[in-house]
Amino acid sequence: YGLDAETERRMLRAARRLGREAAVRVLTTYLGAHATPPGETDQDAYVAAVCELIPALAHDKLADAVDAFCEGIAFSPEQTGRVFAAAEAAGLPVKLHADQLSNLHGARLAASHAALSADHLEYTDEEGAAAMARAGTVAVLLPGAFYVLRETRKPPIEAFRRHGTRMALATDCN
């Protein structure tokens, strides 16, 4: 993750260039709200900077979506909501990494913003699974992440099935 405006813009421009040069469809996601930069002590100020960059990325057609990480080690539901509000105001859909290490009700938050997808979800509860199904938010399961981290909790696949939540698998090998 770039975690500063210049690096994030450079990565998004590189992705756009790759799409043009390789003649393939490349969809880009702004990942500014995935972590606080090293040395940054004011998380709310950082979230404000992320929110300020979103309209420019949309205007310059560099981002197709905005992603955030809502977790105790990352951003609160309130901070994530601010990022999502900025994305929505700029006309960009959202995605969310959530409920990986605890249940901050990220699945419900994602659904309330009609997120395209929500990743991890090991601690998602029944209500979150139902909300995602109603919103059409895809549950992206990342088995590599919980096996590498030696987590004992796995995503509530049966709850997703019961509610008809669409599911996808990803590697998370970054």
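**Starting from the core**

I began with Ile54, and I found that Ile54 touches Tyr30, Val66, Val83, Ala86, Ala87, Ala90 and Leu92, leaving out residues up to four places away in sequence. A reminder to myself: this is a predicted model.

Next I looked up the largest nonpolar core, which has 40 residues. Ile54 is listed there among those with the most contacts inside the core, together with Tyr30, Val83 and Leu96. I then checked which element gives the largest share of this core, and α2 does, with 8 residues.

**Along α1**

I turned to helix α1, which runs over residues 5-22 and has 18 residues. From first C-alpha to last, α1 reaches 26 Å, close to the 26 Å expected at 1.5 Å a residue.

At the start of α1, I noted a side-chain oxygen of Asp4 that comes to within 3.2 Å of the backbone nitrogen of Glu6. After α1 comes Ala23, and its phi is positive, near 55 degrees.

Which residues of α1 are buried? I wrote down Thr7, Glu8, Leu12, Arg16 and Gly19. Their cover includes β1 (29-33) and α2 (43-59).

**A stop at Thr80**

My last entry is Thr80, which sits in helix α3 (residues 77-89). Is Thr80 buried or exposed? Thr80 counts as buried because its relative accessibility is 1%, and the cut-off for buried is under 20%. I also listed what Thr80 touches, again leaving out residues up to four places away in sequence: Ala68, Phe69, Cys70, Phe75, Leu96 and Leu109.

Note on methods. Residues are numbered from 1 along each chain as its sequence is written. This is a predicted model: local features need pLDDT of at least 70, side-chain atom pairs count only at pLDDT 80 or more; totals for chains, interfaces and linings use all residues. Side-chain values use heavy atoms; hydrogens and water are left out. Helices (H or I, at least four residues) and strands (E, at least two) are DSSP runs, numbered from the N terminus. The expected span of a helix is 1.5 Å times one less than its number of residues. Buried means under 20% relative accessible area, exposed over 50%, partly exposed in between (1.4 Å probe, protein chains only). Contact means heavy atoms within 4.5 Å. A polar contact is a pair of N or O atoms within 3.5 Å; within protein, one must be able to donate a hydrogen and the other to accept it, and residues adjacent in sequence count only if both atoms are side-chain atoms. A nonpolar core is a set of buried Ala, Val, Leu, Ile, Met, Phe, Trp, Tyr and Cys residues joined through side-chain atoms within 4.5 Å.
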